[in-house]
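Open the model in your viewer and keep the selection panel at hand. This tour starts with the whole chain and then moves in to one residue.

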Amino acid sequence: MSQSDVTTLNQKFAIPGQLEFTEDVGGLIIARIANKQAQSTIALQGAHVMTFEPVGEKPVIWLSPAAKLVLGKSIRGGVPICWPWFGAHATDSTFPAHGFARTVPWQVVASEALSDGSTRVTFELPQSSIPAAQWPHACRVRNIVTIGKEMTVELVTENTGQAMFEISEALHTYFVISDVDKIRITGLEGCTYLDKVGDWQRRTQDGAITIAAEVDRLYVNTDSDCLIDDNGHKRCIRIAKRGSLSTVVWNPWVEKAAKMGDFGSDTGYRGMVCVESANAAENVVKVAAGATHSLHVTYSIENI
Ligand code: BG6
């Protein structure tokens with residue numbers, strides 16, 4: 001994108017003292033929010049939240065130090081949007097994993113300084129960014145990001161066509177943690193999960209989740225809050241969701257992280273965990289003609 005796009009974006013949507021747009025060296029345009037409550041950066045490509053740091057807190061969202069900010073590539077870290085499918089495509093393995101939404105340009109359609117001091121930016125997936133061969137359905141998709149003491153991300157899918165379509169999706173959020181050894185994830189006790197590192201077997205979660213090896217689990221039929229209890233950082237990250245019945249918990253551990261090549265140092269995987277608010281497997285969502293589906297997640301910090 002050219003500088004004139006940044007200029008136009010700033011003319012239309014900048015909020016003095018809260019929001020401005022800049023162009024990164026890789027060519028990506030970034031929305032930069034800094035208000036009295038928090039700071040955040042969001043790439044227009046993928047409407048991808050890269051960072052979120054409430055004032056006086058450590059960063060909440062993990063962004064790999066080796067993340068590639070390049071046109072057409074997914075950014076390692078932040079809040080990638082997996083849409084309109086999560087994981088591998090159900091029938092065509094040549095389609096990109098986790099859908100196309102995270103690697104295509106989105107547009108800013110609104111910005112707002114809210115009365116509570118937070119800042120809201122609304123992104124929309126333009127028709128020109130949707131590969132018709134992969135997604136031949138009429139729709140309007142928005143990502144509404146609100147940055148304040150808490151961060152809210154709302155992914156809204158509206159079916160503007162004449163026939164029902166089905167989506168799977170996730171806000172594939174990467175969180176900063178002190179160390180994998182020092183956290184436990186609660187809220188999924190007793191839930192059924194599909195274990196990707198165990199040949200997709202169905203298992204039941206026994207107690208809190210701790211991580212001491214690769215973890216890649218898709219929990220189904222769960223709408224409860226998840227808490228990342230971090231004894232090292234003396235805080236809890238609360239993930240509260242609506243319109244999501246699946247939760248994915250992922251840490252690639254040593255070998256997988258090394259293979260990815262964009263995880264940073266050899267021990268980069270120790271400082272992150274993904275807890276993804278999703279709808280996948282038996283929780284795929286049918287969106288009827290004219291209907292709207294919203295996946296709404298609030299991320300907040302509680303000190304312990
Ligand atoms: C998780 C999947 O959601 O995303 C993992 O469950 C996958 O299997 C991970 O490895 C990262 O995916 P990607 O495409 O961003 O490397």
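**From the surface inwards**

Show the surface. The protein exposes about 13000 Å², and carbon and sulfur atoms supply 50% of that area. Keep in mind that this is a predicted model.

Now count what lies under the surface. Of the 304 residues, 55% count as buried.

Switch to cartoon. You will find two helices and 22 strands. The radius of gyration is 18 Å, close to the 19 Å that the globule rule gives for 304 residues, so the protein is as compact as a globular protein of that length. Along its principal axes, the trace spans about 50 × 50 × 35 Å.

Next, turn to contacts. Take those in the protein with a separation of 6 or more: residues 24 or more positions apart account for 62% of them.

Colour the charged side chains. There are 27 positive and 33 negative ones. How far apart do the centres of the two sets lie? The distance is 1 Å.

**One stop in a strand**

Select residues 19-23. This is strand β1, and Thr22 sits in it. A polar contact of 2.8 Å joins the two side chains.

Which residues does Thr22 touch, leaving out those up to four places away in sequence? Select Val6, Leu28, Ile29, Ile30 and Arg32.

Finish with a distance. Pick the C-alpha atoms of Thr22 and Leu9, which are 13 residues apart along the chain. The gap between these two atoms is 9.3 Å.

Definitions and conventions:
Residues numbered from 1 in each chain as written. Predicted model: local features only at pLDDT ≥ 70, side-chain atom pairs only at ≥ 80, totals over all residues. Heavy atoms only, no water. Helix = DSSP H or I, 4+ residues; strand = E, 2+ residues; numbered from the N terminus. Rg over C-alpha atoms; globule rule 2.2 N^0.38 Å. Buried < 20%, exposed > 50% of the residue type's maximum accessible area, 1.4 Å probe, protein only. Contact = heavy atoms within 4.5 Å. Areas by Shrake-Rupley, 256 points an atom, 1.4 Å probe, with all protein chains shown as cover. Lys, Arg positive; Asp, Glu negative; His and termini not counted. Charge placed at Lys NZ, Arg CZ, Asp CG, Glu CD. Polar contact = N/O pair within 3.5 Å; in protein donor to acceptor, adjacent residues only side chain to side chain.
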